[in-house]
Amino acid sequence: MDLSYSADEDVFRAEAREWLRAHVPEEPLPSLETAEGFAAHRLWEAELASDRWSVVSWPGRYGGRDADIFRWLIFEEEYYAAGAPGRVSQNGINLLAPTLFDHATEEQRARVLPSMATGEVVWAQAWSEPESGSDLASLTSRAVRTEGGWLLAGQKTWSSRAAFADRAFGIFRTDPGDPERPHRGLTYLMFDLRAPGVTVRPIGRLDGKPAFAELFLDEVFVPDEDVIGEPGQGWRIAMSTTGNERGLMLRSPGRFLAAADRLVRLWRTHGETGDTALRDRVADAVIGARAYQLFTAGGASRFASGAGGAPARAEPRVGEIGAESSLNKVFWSEYDIALHETALDLLGAEGELSDTEWAEGHVFSLAGPIYAGTNEIQRDIIAERLLGLPKGRR
Ligand SMILES: Cc1cc2nc3c(=O)[nH]c(=O)nc-3n(C[C@H](O)[C@H](O)[C@H](O)COP(=O)(O)OP(=O)(O)OC[C@H]3O[C@@H](n4cnc5c(N)ncnc54)[C@H](O)[C@@H]3O)c2cc1C
């Protein structure tokens, strides 16, 4: 594998760096988990989109730059190194969009993707239910056939930023079928969070920020045009979404390279030369970020060449990397916690102040082994599908 960048890639990097230098807000935006911050981040999405930086890997006709997976990784490195704001549109861009590229009609893509790229429509993921998290296939929310579409009923929960988002995507039971085969009879669809029959109730978080929400659905009408793929095929389509969620799209190496850089800067101001244990943890964070970058480059090369089970694609995008995505997910979620704990230990008593960037990052990192599928489940997938070990008893 050739690890050097081409002249064209260097030009792309320089262009991204220059744009970000000129546009990244000098003051951090308020948290995107609040109403004020959500609105400010939506405007930031529009600004990114105005120069086609919001979705670089998408085709130009939907607002992208037709960039390949390597340019997307370069962009992410520059984005995080520039200290640019978090992405309020991440659920749409990282989860729904790849699903649409793989399974939707051209009409649906043309209708949904452009407003997602500009932040005009922000999407929430409505998968989890109170009794269906890890065992997602046991979900009971229903979609019942009606004239011209479907009526949704049930409850979804743990929906990130749903309190302020515009629309949601989720899976619903359309055929009760065989209880021994719960993966069958599910349908993947999109719905409006402001439609009649939808109640959005924020879930109180420890930090008091109100964006996390549960959704109550009472006879919510969804037209046929908002069903993705064939009715009954929801599980298969959902599995292509999870590959993207756990894989490199949700947490690209750029994020951790930038965090490791910040940690080194913190060591320089707060570290004590004699504290070799802490110094080694800082070094581990730098090595971990670099290892993840190289591991990702390997996966991206296999993906781009169509090897390793990843199909060659007509659309220039990043996408499914199958069960390998579980390796990424376990790695970045555990790495993120270790990195933040090192920072807090470096800060000492100062780290106890709850509103510092490091303290907030630490609280968020603790959720990493839970969201996008818990790490226990990822380890089961790695054992069974990558290592070929026998299925455990559940
Ligand atoms: C910050 C955050 C954001 C989230 N955002 C969203 C969102 O936007 N949309 C959405 O739909 N959901 C979201 N979720 C929900 C998330 O996907 C679920 O919390 C997760 O899938 C786990 O489900 P659960 O909470 O029901 O836990 P459970 O499934 O009840 O699991 C509890 C524990 O049991 C373990 N366990 C369960 N089954 C097994 C098994 N077979 N083998 C071994 N161990 C097992 C789990 O690993 C876990 O440790 C979010 C969660 C968090 C924390």
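In which helix is the place of S333?

Mentor: Happy to. S333 sits in helix α9, which covers residues 324–347; helices here are DSSP runs of H or I with at least four residues, strands are runs of E with at least two, and both are numbered from the N terminus. Keep in mind that this is a predicted model, where local features need pLDDT of at least 70 and side-chain atom pairs count only at pLDDT 80 or more, while totals for chains, interfaces and linings use all residues. Residues are numbered from 1 along each chain as its sequence is written, and side-chain values use heavy atoms, with hydrogens and water left out.

Now the residue itself. S333 counts as buried because its relative accessible area is 0%, where buried means under 20%, exposed over 50% and partly exposed in between (1.4 Å probe, protein chains only). A polar atom of the S333 side chain lies 2.7 Å from the backbone oxygen of K329. Beyond its neighbours within four places in sequence, S333 is in contact (heavy atoms within 4.5 Å) with S365, G368, P369 and N375.

α11 gives the most, with three residues. In total, 17 residues surround the ligand, and the closest are S128, S134, W158, T374 and E376; to be near, a residue must have a heavy atom within 4 Å. The side chain of S134 places an N or O atom 2.6 Å from an oxygen atom of the ligand, and a backbone N or O atom of W158 is 3.1 Å from a ligand nitrogen. Of the ligand's own 960 Å² of accessible area, the protein covers 66% (Shrake-Rupley method, 1.4 Å probe).

For contrast, look at V11 in helix α1 (residues 7–23). V11 counts as exposed because its relative accessibility is 54%. V11 and Q155 are 144 residues apart in sequence, with 49 Å between their C-alpha atoms.

Finally, a word on confidence. The protein chain averages a pLDDT (the predictor's confidence in each residue, from 0 to 100) of 91, and 93% of the residues score at least 70. Residues 308–320 stay under 50, and the model has 35 contacts for them beyond four places in sequence.

Conventions:
Polar contact = N/O pair within 3.5 Å; in protein donor to acceptor, adjacent residues only side chain to side chain.
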